[in-house]
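Please walk through this model from its overall form down to single residues. The structure comes first, and the explanation follows it.

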Amino acid sequence: MTNTPYFESDVLDVAVNDGVALVTLNRPANANALDDTLMGDLNRLWRRIADDRSIRCIVLTGAGRHFCAGADMSLLSANRTNVGRDADEELNFLPGGVVDMPVIVAVNGTCAGGGLHFVADADIVVASETARFIDSHVSVGQVSGIEPVELMTLMRRDRAVRMALLGRHEVVDAATALDSGLVSEVLPHGELLDHALDLARKVCTGSPAAIRHTRRVLRAYIDDSIRSYRDLGWELVQRHWSHPDSKEGPAAFQEKREPQWQE
């Protein structure tokens, strides 16, 4: 007899055991970068999990050496046709606003650009000692309109601002991320996933209803405080798409040359 997988996807691995859903971004050859297929599958998965009361906690990680390199260059270099009306709709590949159970993110390697959304969206973040955090938007001609607002709810403002303005030149290692409040723990690389799963199993020992309500008020506090700023950031991101730099940045990156910026 063949076991039917919980969720069919070429870019996600999903394993469900004892109330814990382990979700692995599975585009290792592309540093688990976000393309239309991966974002679409994530959105479908979260909606399925939201209706499954047997799942009590989610652990999200990446396959290979990277956690998530952000938006795939194919997205940045093309004209977008599927655009969210606001920040929440644009970020519908994230679990936090869809599911009502805790999400633990285990950052196993490089987390760059749009990959930072997963960190900001999580309820608990743990990282491997090999993890690196980079907000590379301005280095590829893009506006970092949403990530800094989200990250400042987690970490020291000065370090979030440095990441946003210095782009690829500000690489935050795991120890600095811990000191800044971006992650709650740093583990030896080989222990990261087991530890994240152990945390998830501990979550599962609590009252499901009590955890849902506790999580709801915690998330409402954060969401209400930054929603208008996230929407402003998303508006500015879209407005910048008409500027030549928004295409020059991805082109220069793909051609391995220095970009030629315009005013």
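**From overall form to single residues**

With 263 residues, a compact globule would have a radius of gyration near 18 Å, and the protein agrees with this because its own value is 18 Å. The model is a predicted one. Its C-alpha trace spans about 55 × 45 × 35 Å along the principal axes. The secondary structure consists of 10 helices and 10 strands.

Several totals describe how the chain is packed. Buried residues account for 50% of the 263 residues.

Strand 1, residues 12–17, runs antiparallel to strand 2, and six bridges join the two. One of the paired positions is Asp13, whose bridge partner in strand 2 is Thr24. The two strands form a hairpin with two residues between them, where Asp18 takes a positive phi near 50°.

Strand 2, residues 20–25, also pairs with strand 3, here in the parallel sense and over six bridges. In this pairing Leu22 stands opposite Val59 of strand 3. How much of strand 3 (residues 57–62) is covered? Strand 3 is mostly covered, with six of its six residues buried. Its side chains point two ways: Cys57, Val59 and Thr61 to one side, and Ile58, Leu60 and Gly62 to the other. Both sets are buried.

Strand 9 pairs with strand 8, residues 132–134, in the antiparallel sense over two bridges. There, Arg132 stands opposite Asp173 of strand 9.

Two loop residues complete the picture. Asp35 lies in the loop between strand 2 and helix 1 (36–50). Is Asp35 buried or exposed? Its relative accessibility is 14%, so Asp35 counts as buried, the cut-off for that class being under 20%. Apart from neighbours within four places in sequence, Asp35 is in contact with Arg27, Asp72 and Leu75.

Thr153 sits in another loop, the one between helix 5 (147–151) and helix 6 (157–166). At 34% relative accessibility Thr153 counts as partly exposed, because that class covers values between the buried limit of 20% and the exposed limit of 50%. With neighbours within four places in sequence left aside, Thr153 is in contact with Ile222 and Ile226. Thr153 and Asp41 are 112 residues apart along the chain, and their C-alpha atoms are separated by 28 Å.

Conventions
Residues numbered from 1 in each chain as written. Predicted model: local features only at pLDDT ≥ 70, side-chain atom pairs only at ≥ 80, totals over all residues. Heavy atoms only, no water. Helix = DSSP H or I, 4+ residues; strand = E, 2+ residues; numbered from the N terminus. Rg over C-alpha atoms; globule rule 2.2 N^0.38 Å. Buried < 20%, exposed > 50% of the residue type's maximum accessible area, 1.4 Å probe, protein only. Pairing = 2+ DSSP bridges. Contact = heavy atoms within 4.5 Å.
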